[in-house]
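This briefing is meant to be read beside the sequence and the coordinates. The points are grouped by topic.

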Number of protein chains: 2
Amino acid sequence: MELSNSLIVDFYELTMASVYYKDQIANSDSTFSLFVRSLPPNRNYLVAAGLQDILVWLEEFRFSEQDLHALKQLGTFDDQFLHWLSELTFTGNVRAVREGTLVFAGEPILEIQAPLAQAQLIETFLLNQITLQTVLATKVSRLRHAAKDKILMDFALRRTQGIDAGMKLTKISKMMGLNGTSNVMAGINYNFDLSGTMAHSFVQSYKSEKDAFEAYVRAFGKDAILLVDTFDPLTGIDQAIKTAKYFAQNGTFIRGIRIDSGDLVALSNYARQQFDKAGLNSLSIYVSGGLDEFSIDNLVRVQKAPIDGFGVGYSMGVSQDAPVIDTVYKLVSLDGKPVGKTSPKKAVAPGEKQVWRSRDWSGDIITLSKENLSYKSHYPLLEEVMTKGTRNKLAYISLDDINSYFERQWETVPLDIKEFTKSFQYSITNSDSIEKLIKNNFPK
Amino acid sequence: MELSNSLIVDFYELTMASVYYKDQIANSDSTFSLFVRSLPPNRNYLVAAGLQDILVWLEEFRFSEQDLHALKQLGTFDDQFLHWLSELTFTGNVRAVREGTLVFAGEPILEIQAPLAQAQLIETFLLNQITLQTVLATKVSRLRHAAKDKILMDFALRRTQGIDAGMKLTKISKMMGLNGTSNVMAGINYNFDLSGTMAHSFVQSYKSEKDAFEAYVRAFGKDAILLVDTFDPLTGIDQAIKTAKYFAQNGTFIRGIRIDSGDLVALSNYARQQFDKAGLNSLSIYVSGGLDEFSIDNLVRVQKAPIDGFGVGYSMGVSQDAPVIDTVYKLVSLDGKPVGKTSPKKAVAPGEKQVWRSRDWSGDIITLSKENLSYKSHYPLLEEVMTKGTRNKLAYISLDDINSYFERQWETVPLDIKEFTKSFQYSITNSDSIEKLIKNNFPK
């Protein structure tokens, strides 16, 4: 059955909404805050992402005839409620930090101000997408940092957790300043450079490595990157040099080689020496094969291996060392009054909030949204991007613009925060007004 | 742009295919073998999954007008090749292990026998889906094992890596014998029981916990499960008992409570005692909140906590301790001749293969596909499910049938293999014919 994307929802959102409807509180003013409770392993920061996809989904939010038919078949909901659902659209406001902004535990990534039942029904999709995209953007930022000014390419589609994740990863790769992707569909949709070399099966499909290399260069000339480790990487490098020299005679200089296994430091040094000796100075060396930010950092910064570019797959594709974050979506205001939650270890501070970022990264301050922090040292992160269900101009921003924004911000971020291990506790302080509300909400 | 799913492909598959086309080897007979190189952390086995989705995709494989238009715009491919692509369908054979079958490192999960360019073009999608679904099915099997005969529910949609992963997880949850899901769209599409309780925000949306509980029971009666830890879990349990007793007077016995935080052993024991004391013996206790196979095993087997059901989210949803596996798709035969690959640590044994499972789990034997192992102690795992691009009847199997098959198999699996940590090395032996090919292919 072809259901609409508005049915990407947990069952309890619908059962709760039906009770709100019955009890005539479905339209109560509410605010929900979406944030991460704690930072996952190896992370001193997260990069917020996913906002644009959410705003599009919210604008299109409505249940189709088929959705309603399917819901009716469940036998859980009465006709009155289903009729009410049939007319529902999202009419709320969204305040959010810009995509590409560094965020820390406890800081709202976005807040939804909407009629209670609406705000409830959108929870699952919002959590799913903000979680996925923030996890991936954070991971990609680490790889980008490790690779410094080298070429870095997204080769992960084959091992992302499904197709949606693969497409979002490529979008995020562009957003975070990677140099290309192997993902054809996402490359086309997001106007991002496609790149790729060849598979071992290609080399095996010809009588010899020599034949395979020559066939590829005949077809792609200066774009050819030859994969040298199908058999023995040293022999492969030597063969690549012969092929490159052969075509160089006719003025075609190939792009380079890719090494996918073995000792990447030794092999890249060997290849660089041989290239230069052969007068093939323009040839580049690309490497791949289970690379992550730790191994890339080692190759680039510690070993100073003469590698020009990296293709990264599964470790980036699933954010292997931290594949999930504990995002939550919590009611913080109802009928204009701040509300909180006091469960052990899972408390939520009451009130609509604003995050004030310190310009010198000395520490952020969380205030109520209506408070005006007049310090020049801090600026507010959450801005209204959707008003009464319609995106405003702040919501329209290109991936290139997000990338520029991210990079301007990144230049100011202290090295401590950029570390690849958990080494730094960024300071987050609640304003006095929030502390007072916590005290009143959670009386001893 | 609306591109077809056939463009879920890595760029190099297309560039390689174009060279095969140019060199007139696009239609060479080839066989590719898809397998996992090594088992990830904590895993003694994997559960193969994803086959049905792949077969449907292969049957629908063709490039649309829009795909071809977008490819032309890239400027990489000539018109002849694009015309050839426009007429391409998948005409190959697929041999695969049944979904739900335990597999080990090095054992083919499926083999594709097809014209070379076709087999190459389908690589990315096959790897993506087999990887995702095998990772998830393996994780779900561990949770199912840990929860024994208790109720186990998929609550993961909000934190799976995207929507595709969320939908596939629910399908797999049904396949592996879970008892329900929170995922409305997948529940409807896969005809799987929907379940859910309430969120903390629901409790906060009423004047008191008492009012919230009563509102929910008024709406859902015997299906109501009350979430008791919005404020203090002990007070919440006491209030749930009062509410349950109040409605029991009129003959409505609610289903139970959910505890989402705190000391689950102490709280579940307290709740069980109070329920039984109050004559509410039929009430069930559900728990949730960051549970994985290790914590569930502790609650069920070690602590013997009186818990009736578990709702599991992110640890299952992303297979947190092992979010990826190193699946590969390798050319093993070309023009009827076995081919292999000798790169360091990434060698591939030549030849089309069959896996022979030992009935007593003493160890599997991998042979060439044409070999007939006449031992009664072993049976072949790979069977032809698609012939010349069309699924045959073995490919049509319901999720319930996969579940029955999995459970019959699971009963015979030794406890060593089922352990939650890497404690066992299952024996896999190559047949003499394969060993001979390896020797010939990789001469010393």
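The structure is a predicted model. Chain A has 17 helices and 19 strands, and 54% of its 444 residues are buried. A nonpolar core of 278 residues is the largest one found, and 79 residues of chain A are in contact with 79 residues of chain B.

**Overall build of chain A**

- Taken along the principal axes, the C-alpha atoms of chain A fill a box of roughly 80 × 55 × 40 Å.
- Counting contacts in chain A between residues at least 6 apart in sequence, 72% join residues at least 24 apart.

**Contact between the chains**

- On each side of the contact, 79 residues take part, from chain A and from chain B.
- Helix 1 (residues 11–22) of chain A gives the largest share of the side of chain A that touches chain B, with nine residues.
- That side of chain A is made up of 40 nonpolar, 26 polar and 13 charged residues.

- In soluble globular proteins, nonpolar side chains tend to be buried together.

**Helix 6 of chain A**

- The 25 residues of helix 6 of chain A reach 36 Å from first C-alpha to last, close to the 36 Å expected at 1.5 Å a residue.
- Most of helix 6 of chain A is covered, with 23 of its 25 residues buried.
- Lys148(A) follows helix 6 of chain A and has a positive phi, near 50°.

**Helix 15 of chain A**

- Helix 15 (residues 399–412) of chain A has 14 residues and should span 20 Å at 1.5 Å a residue; its end C-alpha atoms are 20 Å apart, in agreement with that value.
- Leu399(A), Ile402(A) and Phe406(A) are buried in helix 15 of chain A.
- These three cover an arc of only 55° around the axis, and therefore lie on the same side of helix 15 of chain A.
- The other side of helix 15 of chain A carries the exposed residues Asp400(A), Arg408(A), Glu411(A) and Thr412(A).
- Helix 7 (163–175) of chain A is what the buried residues of helix 15 of chain A pack against.

**Seven-stranded sheet of chain A**

- Seven strands of chain A form an open sheet in the order 13-12-1-5-3-17-18, with antiparallel pairing.
- Strand 13 (337–338) and strand 18 (390–391) of chain A are the edge strands, each pairing on one side only.
- Strand 1 (residues 29–36) and strand 5 of chain A run antiparallel and are joined by six bridges; Ser30(A) has Ala114(A) in strand 5 as its bridge partner.
- Strand 3 (residues 93–96) of chain A is joined by four bridges to strand 5 (residues 110–115), also antiparallel, and by three bridges to strand 17 (residues 383–387) in the antiparallel sense.
- Val94(A) stands opposite Ile112(A) in strand 5 of chain A and opposite Met386(A) in strand 17 of chain A.

**Two loop residues of chain B**

- Ile122(B) lies in the loop between helix 5 (116–121) and helix 6 (123–146) of chain B.
- Ile122(B) counts as buried because 24 C-beta neighbours lie inside 10 Å, where the cut-off is 20 or more.
- Apart from neighbours within four places in sequence, Ile122(B) is in contact with Leu58(B), Phe61(B), Phe90(B) and Ile112(B).
- Ile122(B) and Glu13(B) are 109 residues apart in sequence, yet 8.1 Å apart in space, C-alpha to C-alpha.
- Gly290(B) lies in the loop between strand 10 (284–287) and helix 13 (293–302) of chain B.
- With 13 other C-beta atoms within 10 Å, Gly290(B) is partly exposed.
- Gly290(B) and Tyr190(B) are 100 residues apart in sequence and 26 Å apart in space, C-alpha to C-alpha.

Note on methods. Residues are numbered from 1 along each chain as its sequence is written. Chains are lettered from A and ligands numbered from 1 in the order in which they are written. This is a predicted model: local features need pLDDT of at least 70, side-chain atom pairs count only at pLDDT 80 or more; totals for chains, interfaces and linings use all residues. A residue is buried if 20 or more other C-beta atoms lie within 10 Å of its own, exposed if 12 or fewer, and partly exposed in between; C-beta atoms are placed from the backbone. Two residues are in contact if their C-beta atoms, placed from the backbone, lie within 7 Å. Ala, Val, Leu, Ile, Met, Phe, Trp, Tyr, Cys and Pro count as nonpolar, Asp, Glu, Lys and Arg as charged, and the others, Gly among them, as polar. The expected span of a helix is 1.5 Å times one less than its number of residues. The arc is that of the directions from the helix axis to the C-beta atoms. Two strands pair if DSSP finds at least two bridges between them. A nonpolar core is a set of buried Ala, Val, Leu, Ile, Met, Phe, Trp, Tyr and Cys residues joined through C-beta atoms within 7 Å.
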